[in-house]
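This briefing goes through one protein model by topic. Please have the sequence and the coordinates open alongside the text.

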Amino acid sequence: MAELKPNVLAVGVNDWDRRLFDELIPLPDGTSYNAYLIKGSEKTALLDTVDPSKTTELVENLLRAGAEKVDYVISHHAEQDHSGAIPDILMFYPDAKVVTNPKCKDMLIDHLGIEDEKFITVEDGQSLSLGDKTLKFIYTPWVHWPETMATYLAEDKILFPCDFFGSHLASSSLFVDDEPAVYEAAKRYYAEIMMPFRSPIKKNLEKIADLEIDMIAPGHGPVYDRPQFIIDAYKDWVGDNVKNEVVVAYVSMHNSTRKMVEHFTGALIDLGISVKQINLVNVDIGKLAIGLVDAATIVIGSPTVLIGAHPLAAQAAILANVLRPKARFATIIGSYGWGGRMVEQLTGMLSNLKVELIEPVVVKGCPGDEDFAYLDDLAQEILAKHHQAGIAD
Ligand code: FEO
């Protein structure tokens, strides 16, 4: 079995074929459900389990790892991709106790029907001795559920934070061997799952700042044996700084909106602003989410369908609204045939965002020279806003 350090083994399972999470989030590289076995001189602990679809593989890995007994199953997070196999593990190891916080205990009872007497609850900062190894539990709420916590293995200086710092990436390598690829996967994971919780994540980063960490062993993706790499990335993503960048997410039915977007994107680029132009037809919404992590301005381009926004533009607006990126400005561009409420609908869908709404540019029918001039003005206005906010040089 893959060993992080002596008697600390990775017993989780890759899911190479999974292509969607929550029936929503694309997984272009599959994922892994990481579980770790820690064999102390007196007690053995299993840190998290796997998605229930992979229970058999987890049990096989535990047997290969020589886990004749498991005394404790540490549950960091009640979501079933980590906890779903706990009931079967408790049948396989009937003397094992589930160690978790009270909130997670309640959720595990609600979701999985685990009996009350199977639990040991721990407080924030409490330790549990395995003999020559000591587990310290650190509450890290809201990454990305309220009950989430981490374990710090003091003697080996390993942090086990479950989803926090994770990446949806199936890999044959135990450790990160391709930092750019893992950075992209971790940023996608942050964008899709963690971004709405920027503030609690900042606090949790401060909470672990004083720990001496040799490795971060997350619940998904490879183990970080150079942990500063992912800690620095998270500090950047959750920080308040935005980049001189505009995300233009659009859909076009008869090319009017497309012509507007292409002209507008060109104008922004001419002004030295980075642009991510994203056609929403058959889009990987992870790409849109990644684009939202750093951008100072969000622009949604939509035609008018009947009297409202195109459903794909509405989906992008709803997604941005739930992910709550740190963008400072937003606007709408698009076209209509005979009227409608496209702009009001889309701006209404962005109500969670703390953005200044810039006056939209909406065109009747196909855009002409005057309309392109309005788009040039809009690009200039965005640059001016970026300057005023200290974002552009
Ligand atoms: Fe990987 Fe929130 O579950």
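Two residues are in contact when they have heavy atoms within 4.5 Å of each other. Among contacts in the protein chain between residues at least 6 apart in sequence, 73% join residues at least 24 apart. The model is predicted: local features need pLDDT of at least 70, side-chain atom pairs count only at pLDDT 80 or more, and totals for chains, interfaces and linings use all residues. Residues are numbered from 1 along each chain as its sequence is written, and side-chain values use heavy atoms, with hydrogens and water left out.

**Chain overview**

- The protein chain holds twelve helices and 24 strands, where helices (H or I, at least four residues) and strands (E, at least two) are DSSP runs numbered from the N terminus.
- The C-alpha trace spans about 80 × 40 × 35 Å along its principal axes.
- Of the 393 residues in the protein chain, 57% are buried; buried means under 20% relative accessible area, exposed over 50%, and partly exposed in between, with a 1.4 Å probe and protein chains only.

**Open sheet and its edges**

- An open sheet of seven strands has the order β1-β2-β7-β8-β9-β10-β11, with mixed pairing; two strands pair if DSSP finds at least two bridges between them.
- Its edge strands, β1 (3-5) and β11 (119-121), each pair on one side only.
- From one strand to the next the twist averages 25°.
- Two bridges pair β1 with β2 (residues 8-10) in the antiparallel sense, and lysine 5 stands opposite valine 8 in β2.

- β12 (residues 127-129) and β13 (residues 134-139) run antiparallel and are joined by three bridges, with serine 127 opposite lysine 136 in β13.
- The hairpin of β12 and β13 has four residues between the strands, and glycine 131 there takes a positive phi near 105°.
- β13 is also joined to β14 (residues 149-153) by five bridges, again antiparallel, and leucine 135 stands opposite leucine 153 in β14.

**Packing of α6 and α7**

- Helix α6 (residues 198-208) packs against helix α7 (residues 228-238) at an angle of about 140°, with axes 10 Å apart; axes are lines fitted to C-alpha atoms, for helices over the stretch in contact, and angles run from 0 to 180 degrees between N-to-C directions.
- The residues making the contact are Arg198, Ile201, Lys202 and Leu205 of α6 and Tyr234, Lys235, Trp237 and Val238 of α7.
- By class, this contact of α6 with α7 has five nonpolar, no polar and three charged residues; Ala, Val, Leu, Ile, Met, Phe, Trp, Tyr, Cys and Pro count as nonpolar, Asp, Glu, Lys and Arg as charged, and the others, Gly among them, as polar.

**Helix α9**

- Nine of the ten residues of α9 (residues 285-294) are buried, so the helix is mostly covered.
- Among the buried residues are Ile285, Leu288, Ile290 and Asp294.
- At the start of α9, a side-chain oxygen of aspartate 284 comes within 2.7 Å of the backbone nitrogen of glycine 286.

**Two buried helix residues**

- Threonine 55 lies in helix α1 (residues 55-64) and is buried, with a relative accessible area of 9%.
- Not counting residues up to four places away in sequence, threonine 55 touches Val50, Ala85 and Asp88.
- Serine 256 lies in helix α8 (residues 256-270) and counts as buried at 12% relative accessibility.
- Leaving aside neighbours within four places in sequence, serine 256 is in contact with Ser335, Gly365, Cys366 and Pro367.

Technical notes:
Polar contact = N/O pair within 3.5 Å; in protein donor to acceptor, adjacent residues only side chain to side chain.
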